[in-house]
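Work through the exercises below with the sequence and the 3D view at hand. Try each task before reading its solution.

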Amino acid sequence: MIIPLVSSIEYSELSCLSAHEIVALKSTCKILIIVNSKINTCRFLELVCIFGSPNLAQPPEYRSKESKSIGLISNNSDFGFSSASKYWHSDSTFLAQPARMTFLKCNEAPSQGGRTFFIDTQLAYERLDCDKKKFVEKMIGVHSLREVYQKTYNDRGLKKLDLNFFNPFPDQEHDIVLRNSRNEIRSLYLNEKYLTRIKGYDLQESNNITSYLLNHSVSKSNIYKHSWKKNDILIWDNQLVMHKAEPVNNGVKICERACTS
């Protein structure tokens, strides 16, 4: 069963549904688009909590004044965290319990650029031939915050990174192919930045495999490009899609973000 990638609903219609009905509606698609929400931060948080307890937003300095679970994101650092992820990823794969659901509410939309791109990772898996499915299905990916930032420091010729900072963030291992025991859906679980190697393979072999899987996943027929409008809310399942941000070319983009595990 291939779950549809995108579904949309007016907030006025969504507000008439029970919590159970909202969760059921989201389960029918990988990305739920809610338009014309016009809700404040507290109401946004109530929507998030329908799906589970929200995680603490990171980084701490860009948390909303209303809630530590809501992060502010913007292309302008005066309004929010400006380091938007311009690489294909599922959120927080470097954690033992990565974010399962991500919620993004647009408070200000740019006039040009700033779209969010999504890849259907269930469809990407299904489009592998049988031999390649067998080849990758038992692979384990190593996701490392430490390795990424150590390499960044080395490449920029900066002083040695204080590795004690990463003690709360040890390397994490996640299956390359996720399996949902309830419905048997399988999907690729990749991260262009933090998936640093594949367990049991040397670095060159790991890079070759991950590059192939990413290139395979990124096909035009497999990408949804969301052009943001003010008061849009997107809810997506990180086990079924990857995403990345497009740079803003003109204007300001301000969003509130939350995640549940």
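Predicted model: local features only at pLDDT ≥ 70, side-chain atom pairs only at ≥ 80, totals over all residues.

**Exercise 1.** Find the order of the strands in the open sheet, and state which strands stand at its edges.

Solution. Step one: trace the 6 strands of the open sheet, which follow the order β1-β2-β13-β4-β16-β3 with mixed pairing. Step two: look at the ends of that order. β1 (6-10) and β3 (71-74) each have a single partner strand, so one side of each has no neighbour in the sheet. Step three: compare directions. On average, and with direction ignored, neighbouring strands of this sheet are turned by 20 degrees against each other.

**Exercise 2.** Describe how β2 is joined to β13, and find the helix that lies across both.

Solution. Step one: β2 (residues 31-35) and β13 (residues 233-237) run antiparallel and are joined by 4 bridges. Step three: locate helix α3 (residues 41-49), which lies across β2, β4 (101-108), β13 and β16 (254-260). The helix α3 runs at about 30 degrees to β16.

**Exercise 3.** Where is Glu192 found, and which residues beyond its neighbours within four places in sequence is Glu192 in contact with?

Solution. Step one: Glu192 sits in the loop between β10 (186-188) and β11 (195-198). Step two: its relative accessible area is 43%, which lies between 20% and 50%, so Glu192 is partly exposed. Step three: with those sequence neighbours set aside, Glu192 is in contact with Tyr87, Trp88 and Leu214. Step four: Ser211 is 19 residues from Glu192 along the chain, and their C-alpha atoms are separated by 8.5 Å.

Notes: Residues numbered from 1 in each chain as written. Heavy atoms only, no water. Pairing = 2+ DSSP bridges. Helix = DSSP H or I, 4+ residues; strand = E, 2+ residues; numbered from the N terminus. Axes fitted to C-alpha atoms, helices over the stretch in contact; angles between N-to-C directions. Contact = heavy atoms within 4.5 Å. Buried < 20%, exposed > 50% of the residue type's maximum accessible area, 1.4 Å probe, protein only.
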